[in-house]
Amino acid sequence: MKLTDAEIKEAILASGFVTELEVDEAEKIAHDQNRSPIDVLIERGIIIEKFLGQVLAQRLGFAYADLKNKTIPDNILTIIPEQVASEKKVVVFDKKNGALLLAMENPQDIETVEYIKKSTGLLVEPYFTLPQVLNEALDQYRKNIQVDFKRAISETVNVAAKLTTLSAKDLPVVKILDTLLDYAASEKASDIHIENVGDRLVIRFRIDGKLHDILDLPTKLQSGLVTRIKILSSLRIDEHRIPQDGRFRFKHREDEISVRVSILPTYHGEDAVLRLLSSAARPKTLEGLGLIGKNLEIVKRELTGPKGMILATGPTGSGKTTTLYNVLTYLNTSEVNICTVEDPIEYGLTRVNQTQVAPAAGLTFSNGLRSILRHDPDIILVGEIRDKETAEVAVHASLTGHVVLSSLHTNSAIGAIPRLLDLGIQPYLIGSSLSLLIAQRLVAKNDQNCLVSTPISTDTVAAVEKEFGVSVPKSFAAKPKQYKGKGCSSCNNEGFKGRIGIFEVLRVSEKIRDLIFTKAPISEIEKQARVEGFRSMLEDGLDKVQAGLTTLEEILRAVRE
């Protein structure tokens with residue numbers, strides 16, 4: 001049998017690394033947010049995932065299988081078919097002395113162990129692993145998914161070759177779309193593009209911010225696939241002249257993924273873009289976003305006594321919404337009422353009143369914000385400040401005792417101040433309302449499985465210092481080098497796996513507030529911020545280069561945006 005919540009708590013406390021107060025607080029937060037206390041403990045950095053796994057494995061009397069970032073060879077993984085592995089919640093991760101090493105959520109499940117023995121004809125040595133780690137390992141079956149997908153496409157092409165006229169009912173579009181969604185989820189794709197380029201239908205996935213061609217399909221499949229997507233999204237299947245937007249959900253492993261759909265009429269018919277929004281895929285902690293060192297300290301300190309307005313800034317696709325959602329999750333307790341007005345709602349948050357902007361129905365950011373102010377909120381999230389009216393309501397809400405979170409399109413943290421001035425907000429209101437400014441970009445993260453050290457020329461370091469007017473850390477300048485992923489099966493030979501943020505964090509101190517009141521130049525505000533320890537996005541990025549998390553080229557690409 002699995003460990004009960006009481007047994008898990010007892011095992012964690014017995015380790016001596018977590019106090020009873022910390023566990024009780026995690027249990028309270030977990031109850032408020034309808035989540036597992038284990039998830040809260042890990043996400044808040046109170047206990048390390050690997051150590052927790054070892055503690056619980058020891059309690060059960062089994063060894064711990066650390067499958068995090070472990071690539072399992074195909075000939076080992078496929079000893080158990082994917083369907084069986086998913087159903088039984090097991091993964092074969094090695095084979096030694098004729099015995100299968102089997103990672104399980106519940107290694108005491110004798111029935112499953114005996115089933116695997118009988119079906120494989122091999123001895124089985126069960127290991128314990130955490131549920132979230134097991135689900136990630138199950139995604140390594142994606143190569144089999146790709147094989148199934150190619151087989152489904154091959155069958156369709158064969159049908160297409162035999163028939164002159166095809167209708168949707170003649171094509172296995174349901175299977176093709178289901179397999180496409182499953183494969184995209186396994187590959188951690190954020191978007192699926194289905195585009196007719198004239199002679200073929202191109203399927204592309206956006207993975208870690210970059211589009212990749214995945215497959216070419218016959219153009220005869222376009223109508224059937226788009227119709228199937230429209231049916232799932234409750235869109236009009238007889239409308240082909242205007243764009244349509246919708247959404248639907250599907251299950252992948254234990255994760256329910258929300259899909260935002262955009263159908264666009266083009267010269268070659270209707271193209272579709274599907275945005276996959278997986279709560280399991282988004283970072284769950286501030287540290288997971290890439291906030292480290294002093295930046296992390298400042299953000300956490302401001303959130304312990306939240307007040308005023310917190311703004312996330314950066315271009316489209318820089319992760320602003322994810323950062324704001326993480327801040328909301330950090331603040332979400334039973335003692336506060338949180339209301340949001342968003343466009344669109346990207347993730348559902350437990351015990352948060354989320355409102356979708358609907359301009360056609362007269363629900364805009366500004367009047368939506370006015371409405372939620374009558375809903376007795378303590379914390380408010382406005383998806384984006386786009387105009388003077390929204391900015392004014394948000395500023396006044398922060399001045400009347402509410403915590404207000406929002407985003408702005410500016411290139412830097414300090415750039416939020418002139419942007420609010422451009423929107424017509426008075427300096428005394430800006431200075432009085434602002435609490436924290438966070439600017440960010442996303443950079444590709446090195447695959448830790450295939451890191452190699454490479455030198456950086458001193459000329460490159462000098463050029464960086466000259467271009468950005470900063471001095472690189474002495475430890476970096478003395479012996480400039482970086483780590484890069486050389487490419488392996490784990491990262492599809494890309495060298496990168498996932499993305500991480502680089503940040504600027506500016507706390508609006510009393511001195512900076514006084515400078516805003518007097519309309520001081522931005523250069524003066526930045527000078528004062530430097531005195532108080534402010535660090536630029538480039539400097540934060542260089543720290544991550546030194547830590548082997550990303551490359552100098554990635555940092556320079558991002559800060560030049």
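User: What volume does the second largest pocket have?

Analyst: The second largest pocket has a volume of about 410 Å³. A pocket here is an open set of points on a 1 Å grid over the protein atoms alone, with protein on both sides within 12 Å along at least five of seven lines. Grid points are joined across faces, edges and corners, and the volume is the space filled by probe spheres set on the points. This is a predicted model: local features need pLDDT of at least 70, side-chain atom pairs count only at pLDDT 80 or more, and totals for chains, interfaces and linings use all residues. Residues are numbered from 1 along each chain as its sequence is written, and side-chain values use heavy atoms, with hydrogens and water left out.

User: Which residues are closest to the centre of the second largest pocket?

Analyst: A lining residue has an atom within 4 Å of a point. There are 22 of them here, and Leu3, Asp5, Ile8, Ser36 and Ile38 are the closest to the centre.

User: Which helices each supply at least two residues of that lining?

Analyst: Helices are DSSP runs of H or I with at least four residues, strands are E runs of at least two, and both are numbered from the N terminus. Helix H1 (5-15), helix H2 (20-33), helix H3 (37-43), helix H4 (49-60) and helix H8 (131-138) each supply at least two lining residues.

User: How many nonpolar, polar and charged residues are in the lining of the second largest pocket?

Analyst: Ala, Val, Leu, Ile, Met, Phe, Trp, Tyr, Cys and Pro count as nonpolar; Asp, Glu, Lys and Arg as charged; the others, Gly among them, as polar. The lining has twelve nonpolar, three polar and seven charged residues.

User: How many salt bridges does a search of the whole structure find?

Analyst: A salt bridge is a side-chain nitrogen of Lys or Arg within 4 Å of a carboxyl oxygen of Asp or Glu. The search finds 31. One of them joins Lys28 and Glu335, at 2.8 Å from N to O. That pair links distant parts of the chain, 307 residues apart: Lys28 is in helix H2, and Glu335 is in the loop between helix H14 (320-331) and strand E11 (338-342).

User: Is Glu335 buried or exposed?

Analyst: Buried means under 20% relative accessible area, exposed over 50%, partly exposed in between (1.4 Å probe, protein chains only). Glu335 is exposed, at 53%. Lys28 is partly exposed, at 33%.

User: Which residue forms a salt bridge with Asp191?

Analyst: Arg275 does, with the closest N and O atoms 2.6 Å apart. Asp191 lies in strand E4 (residues 191-196) and Arg275 in strand E9 (residues 269-278), so the pair ties together parts 84 residues apart in sequence. Asp191 is buried at 4%, while Arg275 is partly exposed at 28%.

User: Which residues are linked in a network of salt bridges?

Analyst: Lys9, Asp24 and Glu27 are linked in this way.

User: What is the nearest side chain of opposite charge to Asp447?

Analyst: Lys and Arg count as positive, Asp and Glu as negative; His and the chain ends are not counted. For Asp447 the nearest opposite charge is Lys497, 5.1 Å away. Asp447 is buried yet has no salt bridge. Its place is in the loop between strand E15 (434-446) and strand E16 (451-455).

User: Which residues does Asn295 touch?

Analyst: Contact means heavy atoms within 4.5 Å. Not counting residues up to four places away in sequence, Asn295 touches Phe503, Val505 and Asp540. Asn295 sits in helix H13 (residues 293-304) and is buried, at 5% relative accessibility.

Technical notes
On a 1 Å grid over the protein atoms alone, a cavity is a set of points where a 1.4 Å probe fits but cannot get out, and a pocket is an open set with protein on both sides within 12 Å along at least five of seven lines; lining residues have an atom within 4 Å of a point.
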